[in-house]
Amino acid sequence: RLALTARVLGGALGEHDKMVAAATGSEILLWALQAEGGGSEIGVFHLGVPVEALFFVGNQLIATSHTGRIGVWNAVTKHWQVQEVQPITSYDAAGSFLLLGCDNGSIYYVDVQKFPLRMKDNDLLVSELYRDPAEDGVTALSVYLTPKTSDSGNWIEIAYGTSSGGVRVIVQHPETVGSGPQLFQTFTVHRSPVTKIMLSEKHLISVCADNNHVRTWSVTRFRGMISTQPGSTPLASFKILALESADGHGGCSAGNDIGPYGERDDQQVFIQKVVPSASQLFVRLSSTGQRVCSVRSVDGSPTTAFTVLECEGSRRLGSRPRRYLLTGQANGSLAMWDLTTAMDGLGQAPAGGLTEEELMQQLEQCELAPLSASRSSLRSPSPRSSVTSLHLASSSTSLSGRRGSPSPPQAEARRRGAGNFVERCQELVRAGPEPRRPPTPAPRPATGLGAPLAPPKVKLNETSF
């Protein structure tokens with residue numbers, strides 16, 4: 001895990017205006033960066049349990065673990081503090097407020113700027129902000145601060161997802177700060193735990209653990225505040241399929257977060273990497289799933305990490321912020337892609353997501369294998385959980401060398417054509433004589449191999465992928 005904070009040089013904190021932190025296991029290293037490029041170590045801190053989230057809220061470094069432990073480094077007092085709280089399942093920050101979603105259905109908050117400590121035991125003051133009516137675990141959090149302000153503070157909107165698949169929106173009125181947030185909307189459209197949620201100016205986006213199934217709504221606002229007339233209306237339903245490796249190590253998901261990325265007052269995007277060894281990424285709008293573009297590594301090496309960066313515009317008149325996609329490759333190189341230009345050309349991009357042929361091409365170097373009984377019995381909260389796992393295939397068993405007819409059960413499964421792509425892959429795995437046999441690819445034109453393997457493919461709807 002990595003975290004970076006950058007402030008204007010010469011600020012109130014002096015040399016600690018620019019800091020970078022790195023965590024591995026339960027150990028956290030924190031450095032201060034100087035303008036000339038040097039750096040000095042601030043300290044090495046220990047959380048005692050594996051660090052699962054590392055981020056800055058202002059100049060305060062926060063580390064959390066699902067076990068219910070939180071660590072805070074205060075940039076003013078230069079003090080590191082570890083504290084036990086409820087088991088943490090989600091978090092988000094807005095302004096100086098840190099919100100924690102816990103498995104008991106409660107949302108807690110800490111004012112990091114004030115860094116309140118209790119007098120009796122000098123512990124961090126963690127206050128309960130809201131409790132889910134059904135007491136389901138809060139598995140995803142998103143806080144939106146509207147531009148409307150008053151003497152009492154901001155109008156705060158909080159969207160959260162639960163372990164049962166529910167999506168709720170609560171609001172904090174400036175005039176009723178003492179009474180706590182009020183329940184505004186509830187949606188029950190997911191059948192798996194919600195793993196991600198994003199409330200922006202124009203959209204409400206939720207992702208569940210069922211192969212990154214996304215549901216989106218259009219948000220109606222009046223004078224910047226969420227409105228009930230006509231309220232949030234359903235917009236789209238699609239999947240950002242991202243299969244995980246059965247042989248991956250513990251940190252293989254770091255740097256592979258699908259998003260959404262982007263400012264909340266602008267169009268946000270998902271980054272889709274179908275298989276762990278893929279050299280191609282697909283950029284898709286988070287609101288509708290429409291493809292913005294696809295990028296492929298220059299030298300064909302697998303992409304191991306990616307993120308999206310927003311850069312401020314220059315001082316020239318008419319300049320605007322630029323959006324970039326940064327990718328890290330398996331050979332140690334970095335690539336930078338201009339997403340702003342791709343967003344400007346949205347009209348020329350394909351209307352939907354991946355086609356079945358494109359998915360088969362992505363899976364050519366992998367083998368689909370059913371999850372073992374021990375793994376499938378475990379309930380994983382991972383946003384990348386899937387009904388199949390992947391094994392890297394050797395070049396001798398690669399699908400690029402197999403263009404013959406599939407086995408009769410596989411051919412029968414293809415002829416039926418029922419269900420979505422993942423369900424058909426499951427059927428192929430169950431029917432195939434070899435447990436590690438890769439799926440047969442879609443037929444390609446002009447190969448000279450005789451009769452086609454399957455009838456011509458029809459365009460599948462967006463809910464399949």
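1. Two strands are said to pair if DSSP finds at least two bridges between them, and strands themselves are DSSP runs (E, at least two residues), numbered from the N terminus. In this predicted model, strand β24 (residues 280–285) and strand β25 run antiparallel and are joined by five bridges.

2. A word on the basis of the values is in order. The model is predicted, so local features need pLDDT of at least 70 and side-chain atom pairs count only at pLDDT 80 or more, while totals for chains, interfaces and linings use all residues. Residues are numbered from 1 along each chain as its sequence is written, and side-chain values use heavy atoms, with hydrogens and water left out.

3. The sheet that holds β24 is an open one of three strands in the order β23-β24-β25, with antiparallel pairing. Its edge strands are β23 (269–272) and β25 (291–296), each of which pairs on one side only. On average, neighbouring strands of this sheet are turned by 20° against each other, direction ignored; here the axes are lines fitted to C-alpha atoms, and angles run from 0 to 180 degrees between N-to-C directions.

4. Strand β15 deserves a careful look, and for this the terms of burial are needed: buried means under 20% relative accessible area, exposed over 50%, and partly exposed in between (1.4 Å probe, protein chains only). Seven of the seven residues of β15 are buried, so this strand is largely enclosed by the rest of the structure. Gly-166, Arg-168, Ile-170 and Gln-172 point one way from β15, whereas Val-167, Val-169 and Val-171 point the other way, and all are buried.

5. Which residue forms a salt bridge with Arg-168? A salt bridge is counted when a side-chain nitrogen of Lys or Arg lies within 4 Å of a carboxyl oxygen of Asp or Glu, and by this rule the count comes to 11 salt bridges. The partner of Arg-168 is Asp-132, and the closest N and O atoms of the two are 2.8 Å apart. Arg-168 lies in strand β15 (residues 166–172) and Asp-132 in the loop between β12 (127–131) and β13 (138–150), so the pair ties together parts that are 36 residues apart in sequence. Both residues are buried, Arg-168 with a relative accessible area of 14% and Asp-132 with one of 2%.

6. Another salt bridge joins Arg-69 to Glu-84, with the closest N and O atoms 2.6 Å apart. Because Arg-69 lies in strand β7 (residues 69–74) and Glu-84 in strand β8 (residues 79–84), this pair ties together parts that are 15 residues apart in sequence. Arg-69 is partly exposed, with a relative accessible area of 22%, and Glu-84 is also partly exposed, with a value of 48%.

7. The side chains of Arg-323 and Glu-310 also meet in a salt bridge (2.9 Å, N to O). This pair links distant parts of the chain, since Arg-323 is in strand β27 (residues 322–329) and Glu-310 in strand β26 (residues 303–311), 13 residues apart. Arg-323 counts as buried at 4% relative accessibility, whereas Glu-310 is partly exposed, with a relative accessible area of 26%. Together with Asp-266, these residues, Glu-310 and Arg-323, are linked in a network of salt bridges.

8. A nonpolar core is a set of buried Ala, Val, Leu, Ile, Met, Phe, Trp, Tyr and Cys residues joined through side-chain atoms within 4.5 Å. The largest such core has 17 residues, of which Ile-28, Leu-30, Leu-54, Leu-61 and Trp-73 touch the most other members. At least two residues of this core come from each of β2 (18–24), β3 (27–33), β5 (53–57) and β6 (60–65), and β2 gives the largest share, three residues.

9. Most residues other than glycine have a negative phi, and most peptide bonds are trans. The peptide bond from Gly-259 to Pro-260, however, is cis, with omega near 5°, and Pro-260 is found in the loop between β22 (233–239) and β23. Asn-212 has a positive phi of about 55° although it is not a glycine; Asn-212 lies in the loop between β18 (203–208) and β19 (213–218) and is buried, with a relative accessible area of 2%.

Methods
Helix = DSSP H or I, 4+ residues; strand = E, 2+ residues; numbered from the N terminus.
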